[in-house]
Every structure is written in structure tokens, then in C-alpha cells.
Amino acid sequence: MSVPLLEVDRVSKEFAMGGLLSRQHIRAVDDVSFTLQADKAEIFTIIGESGSGKTTLARMILGLERPTSGDLRFRGELISRRMSRPERLAFMAAVQPVFQNPFEAFNPLKQVDRYLFATARRFLPSPDQAAVEAAADAALVKVGLSLVEVRGRFPHELSGGQLQRVAIARALIPNPPLLITDEPVSMVDASLRMSIVNLLKALRDDHGVSVIYITHDLATAYYISDRIVIMQKGKVVETGPARAVLDAPEHPYSRLLKASVLSAEDAGAGKLGPATDLMALSDRLLGATESRLEQRQDGRAVRTYSELPAA
Amino acid sequence: MFSIFRDLVRYNIEFAIGVVLVGSITLFSLLSFFSPVDPTMIYVAIPDRPPSFEHLFGTNSRGQDLFWQLTFAFRNTLYFGLTVAVLSRIISITVGLAAGYLGGWVDRVLMFFNDIFVAIPIFPILILFYFVMRSNLDMFTLALIMACFGWPFDARLIRSVALGLRNREFTRQAVFAGMSPLKIMREEHLPYVMPIIFSTAMANMIWSIGLEVTLAVLGFTNINIPTVGTALYWANSHSALVVGVWWWILIPVILIVLTFLGLFLLAISLNEYIDPRSRLRRMGV
Amino acid sequence: MADILTVEHLKAYYLMNYFGITREVRAVDDITMSVRRNEVYGIAGESSSGKTSFIRVLAAAIRPPLRVVAGSARYEFDDRSIDVANAGPEAAEAIRWSHLSYIMQGSMSVLNPVRRIERTFEDFAARPLGLSGRALRQRFVEHLGRLKLPPEVLRAFPHELSGGMRQRVTIGLATIANPQFIIADEPTTALDVVVQKDVLSLIRNLQKEMGASVIFVTHDMAVHANMADRVGIIYAGRLVEEAPTRQLFTAPKHPYTAHLVASLPRIGDTTQRPALEGRPPNLADPPQGCRFHPRCPLAIEKCRQEVPPLATVAPDQRSACWRWDDVVPLPGSIPAARVPEPVR
């Protein structure tokens, strides 16, 4: 077995809030572990609502924050530590982010192609102008655009979908084996959304890029993911193969999420009754002090509790 | 470049007036290069003559043609104000951007020095320099000293803009594009800071020229160098108003007020033009 | 009974003149529709489709540079009738919160962060209700109860409440004076999936209880599928299709709608979803003829030249497409047989 691409090993992040006399400790991420293999590209989805810790986890993987405990290893090397500039650049050549807001990702006063060129100049072995432009064009073609279309444009001249594609192209220039995408389509229009989601699928299938896809949208997660992790208030509550978990979720929180997803299947029927019993149960389970992740046969793991906390 | 200028003159009345005022004063001061008289010589003309065709602004009690005297005065004063503005902008941009973007101990150290300079009273220091240097205090040295005091407020302003920009997503994207902190500060953040720089530059000029005039009137600068302040100093020491040589006081004052007005109008119109928000609005976002 | 809102040939443009450049952005370009009594009318459209400007006109909340250029938007309330597109500010002020209210997208933009909730309630509700003191407070507590919020919420500051609770408070503000017409502008977009369903069912229940009509604006088709009685699709400043919800989803008669409906991913279905080419048009310079033609898979020469009118093509269904007859549900849509009959 070759060295895994990414190892998240019992990672936790605690934040301290409040003043000197009344400090409160919040566990944004609590003992999360998973591994991505290097030999097979996959789309690994992290599902969570606000406050679930998914963004904090993404920031730790990108090296923007350091975990309070646990290790993060990329290709066997520890990344959860202070890195020197050359080490950081080497890491960025292999792990690139795509953020949520395509409009904010670009400086409104500057042309969008300069980020492509800057990335190419920094990460390519031979940064002469011709090579830089060729690399930018190649990356843009992968996302369905071209340098001719994008050259000289300002962010306000492009749509949300196009901007997000340029952002993905930029992330692809150093040929990273891993892409971290944080809610990449939530701010993109509905008619353009599926083209981005299909693009992520194509990146995995045709270009061998692994993607960590962070979202709260179960439907797109079902559509493209290989494996899935569901987080609630920092803890992993269920994980496993995406289709299996989403077709038949086991943990009450997972079931609550699925029950809350609005579907067009009941168009016109107006079925809006919230799953109040599941909501109450999930809330109760949050107060549990003892729990562990139990492995199941089909490759899933579900958080189980030694006892049910009082209502 | 030229089209921007033309647009501004055509559509922005404040800019047009500002250009006219500052332009005229600048042209006026440039005439000094063609002056037929030496500004340091005194009693070369009949003193206390009111304005006439021979002497456009009249003559002063020291026997100098006021018109040519003032061309030199304004040249030195404008050059002085510009020097202070440019030098202090350089310092405030460097300090502000570095403190805002880099944060940490860099920020703490820089703001420590910043606050010291805010607290030090400039007037006594300038007088101290005068007493130490006497007639060695030329315009450039004075400009240097003033520049060292003119940056702290604006540095804090720039720092707060930089702090806001640091957390925006395009900064993070620039980091992952491999741009060095210097490149990010210079290319991504500087454009956002430009409106502040321009408007504070004008305010700075008004401040430094005003301070120089004050010092000169009180006699705390080298009074042999013709500047607006020293002209007023001599007018005062010869009791111009009492004697009836009103043009010696009135004309320089009117001219300097027009200069300040012009600078102010330029500042606000340039500010509005350069402001990213209004530029974005103009681009049609 | 007359429709509660009748919009006729409404046009509202942004007219801007800056540094000698004149721009005319046709945000709302000839919309005609109506909302019936006791109905939830969903408006679907993407960003820069003009739906936000349209809503603002309906809410009597527009300011220059957005101006109504033509048309009317008439409300028929129980005690008065008002054309908000052409009425003055005093008339608009008189109906705000008492007859017509507005639920906005970000709850924090409505709730003053430095005032307690009850003060904000007083600011909004005291005048329309005509109550004060204990009677007013009693009404607040009663109303909060309907929203399943405890009375303690009144003494809290907005930041002390969770996102879901804040949005309920915003809904409470909009409904306390029993308005007959509510405009909801993406009220659940920023909320978590679980909270969203809760808030949506609350809005729906309140609407049924009060018998009010609601215009519900969102780009999320799944929300429309579950909330709306009828749905109108806005594209590039124009209404391109309008139909009862079930009909819209199972038998769309406009290519854009067909695409929107088919592109919704669903749990349990992994068929490849279609992607639409191109991008929404610039409202300052929209395409000639049908505004959707550059992206439309069914476009023909006629579409480039003539604007298709919004015509009735099926019972209670209107479509603005020359080839409406050729529109078929795309792969990925829900087959008509699977959708049960609507329960009312």
C-alpha cells in the first residue's frame, strides 16, 4: 500500500472565547479521522451544517490553522506544524482550495487572468511568458473555458459560474492531486450549478484529481461523491460509502438531514412537516458524554452511544 | 490617462475648478525661473509702491517687486509642501500596509512607534531644531523633519483598510496563487488605499504649508529664503498694515487661500474618482 | 373575487448617468401577472434576472436610480385599493406592515443589533396595531407563541438568538399586524437545511391561518415545489412561464423551465444532469427577440427576431415561447406519474 495522500489523524480544534475570568472552550472539531488514498482519485464529501466544524477542518487541511491535538499528514509528511516558506510553497503546489464565493475570490479592481499567471509563474518549473500562458490556457480548457475568452476581463464581466470555473482552473494549474472545495456551488446560480458539479466529477474521472467536497447540500453530494462524512457540532456522526449512507442513513442526525431535504418529487403536495422527533433526538444526543464510532460491515461507521442522555 | 483627465474636467466641476486654481498658482510659481530680479537683493525698487503696470503686485517696504518675490515664495512653498507630502506618504503606506497585513509583532512594534510620534508635540520640536540649526535650516531639512511627523495618523488609517483586506477572499486566493506578501501588499491592496493617500496628501500639504507659514511668521525659520511665510514675516516686522502697505499682506494671503482651496477641491474630486466603489459603480457593476 | 394583486405591463429600469455614460438597465421589462387571494405564488429566477427589482416595486420600496417607467401594480385590499407603482410615499407608508409586509433575506438587516427585540417590535407594530403598553405587549407574546418562540425572546438582543430564531422573529414582525399580502424574499437561503424546513412550514401555516397571499421569491426550485401553489419563472426581466406547481414540474412549456426542473439533483438518482450553456444576459444590453435564445436548445430564426408573448398554452399555464409545443421534460426530471395529486 503506497503512502496515503492525506491522513487526518484524530484531529481536534478548540477555541477559547471570553475574557480572563469567564473563558469558554468550544470544540470546533472533535477527534476527526479519515484517510484519502493516493492511487485512486475520489470525491470525498464532508457534510455539515453551520457550526459543524467543516470549515475549520478545511482550514486545518489547507494549513491555515493548526489543530489543538492530532496530526495531519500529506503524503506522509506532517503538515499540522509551522512550515517554512519553501515547504509551504511545495505544499500549495499539491493542495489547492476553491472557496465559496466566486465574486469575492477575485479582486474587483484587477483582471482575473493575473491570478492564473501568478500561479503559473510560481509553480511551474520554467516561468517564461509563453509557458505561463500555455499552462493557463490548458487549465482553462479543462474547465470548459479558454484563455482567449478570459484574458483582460474584470470579475464583474463574468457570471458566478464562470468565475468559479476560473477559480477552479487557477487551482488546477500546479496539477495538484488534491482539491479542497468549500461550498463551491452554493453561491452559483441554479442554471450554472450543475455544470460546476459535473466539472468536479470530470476532474475525478478524467484527470485523476481527488476532491474534498464540503457542502450542506445532500442532493449534489449524492450525485457525485464516493465517500461521505457527516459532521454535527464538530463530531463525526456517520461515515461511509456515499450512496449507501444517503440511501439508508442510520444515525438520527443523518436521518434528520435527509428528512429535511426538500425534494421536487412532491411538487405541489406541500409536505413540509418537520421531523420534530428526529430533531429532538439529535439534540439530546449532543449532550452524550460517551460515544464511539462503530464500524459496520459495508464499510460504514456510525456513532453509537453507551446510554441515551436524559431528555 | 489623458482621457481620464478630460472626463474629469468635463464632468466634475470641483475637479475643473481645482485644476484651474492649482494650475494657475503653479504656473505663477514657475514664472520664477524667468524672473529678471534676484529675490535675495533688497532695495532694488522704489519701496511701498501700490500695484501698477510697472509692478503688478506693487513693491514692499524692503524695496522688492512683490510679484517676482511671490513667484519665488510660492515656488519654494509648493516644493516644500510636495516634498513633505511625498515623503510622509511613503512612510505611512509602508508602515500602514505592513502593520495591517503582517500583523503580529510587526504590527505591535510599528504601532508603538506610531503612537509615540502622535504624542510628541511637533511645534516645540520644530522650534528646537531652529534654535539648534539657525540659518542652516534650509527648506529640505525642514521638509524632512515635518515628514517625520506627518505620517502617523494616516498610517493608522491605512492599517485599518489593510486589516479589512487581509480577511477578504481574494487575498487568500492570492496567497494560494503563490504571491509573496510584498507582492500582495503592493498589487492587491495598494489600489484600495490610493483614495486615502490622495486625499491625505492634500490635507498633508495644507497642514505642512500652514505650519511653515506659522513658523516663518514667528521668525523661526530661515527668513532669508523667500517663502509665503517669510514674506508675511517681513510684512509683519515692517508693520505693513499699520503703514498702509496693505498689498503686502493681502495678496499673499489671497493667493495662499486660493492654493488651499484648489488643493482641497482636487483632493475630493480625485478621491471620488479613484475610490474603488465609485469606480466599480462607473464600470457598471 | 378580485385578485389581490394585479400587475400590468410593469416596466422598471435603472437609469444612470455617470461621468457622461448613460446606462439603462431594464430590470423589469413588461411583466403582467396576478396573485389570487389566499395563494402562495412562487417567483423563481436567478441573480440578475430582475426578480429582486420586481419585488421591490411590489413592496413599494424602490429608490432612484430604479424607477417605474410604465405599467401598474394594483393591490385590492379589503378597505382600499392602491397602485404601488404610481402611488406616492405617503400612500405606500399607510399600507406598510398593516396590509403589506416584507420578509427579507438577512434577518440581521431587519433587526437592529443594539435594540432588544421588543423595542423593534414596538417600532414596527405599534402604529399599525394602534395599541400601546400592556395590550401591545400581550399581543407580542401571543404572536410569538404562534411562532413557537418563548416570551423571553422579547427581552433578548438579536445576537443572542440563533439564526433560525432570528428568522422566526423577522417573520413575526412581518405578520403581527395581520397583513393581507406578504412578500418573502429568499427568507431561508442563508439557513441550514433542518432549520429551513421548519421556517418554511411556519410560513405556510401562518399563511393558511391568516388567509393572506404570499409572493415567495427564491432561486431554489425544490422550495417552490413544496411551498408554492403557482410558480412564475422570471428570466432577464421578463416572465417566461407561469403554471400551477405540479404542472410546472411535470409538464413545463418553456425550455428554461424544463432545464431548471431537470437539473435538480435528487437523492436516489444519479443520472447525468444537463448543464445549460452560456450565462444569464446583461440587462443593460439584452439579446434581441426572445432573451433566452442564445442559450436555448430549441432556438430557431424566429426566436432571434421576435419577442414571444406570454400566452396561455394550457389550463392556467402561460408560456413565452414560440415552440412551447415542442418542450418536453428533460432527462433527470420527475415523471408525471410519480408525483401524487396535490393535497389542499
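Predicted model: local features only at pLDDT ≥ 70, side-chain atom pairs only at ≥ 80, totals over all residues.
Me: How many residues of chain C are in contact with chain A?
Reply: 47 residues of chain C are in contact with 44 residues of chain A.

Me: And what area is buried there?
Reply: About 3900 Å² between chain C and chain A. Carbon and sulfur atoms give 60% of that area.

Me: Which three residues of chain C supply more than any other three?
Reply: C:Lys197, C:Asn226 and C:Ile267. They supply 20% of the area that chain C buries against chain A.

Me: OK, switching to chain B. How many residues are in contact with chain A?
Reply: 22 residues of chain B are in contact with 30 residues of chain A. The area buried between them is about 2400 Å².

Me: Which residues of chain B lose the most area?
Reply: B:Glu169, B:Gln173 and B:Phe176. Together they make up 34% of what that side buries.

Me: How many salt bridges between chain B and chain A?
Reply: Three. One pairs A:Arg114 with B:Glu188, and their closest N and O atoms are 2.2 Å apart. The count of residue pairs in polar contact is 15.

Me: Which helix of chain B gives the most to that side?
Reply: Helix 8 of chain B, with seven residues.

Methods. Residues numbered from 1 in each chain as written. Chains lettered and ligands numbered in written order. Heavy atoms only, no water. Contact = heavy atoms within 4.5 Å. Buried area = accessible area lost by both parts, 1.4 Å probe. Salt bridge = Lys/Arg side-chain N within 4 Å of Asp/Glu carboxyl O. Polar contact = N/O pair within 3.5 Å; in protein donor to acceptor, adjacent residues only side chain to side chain. Helix = DSSP H or I, 4+ residues; strand = E, 2+ residues; numbered from the N terminus.
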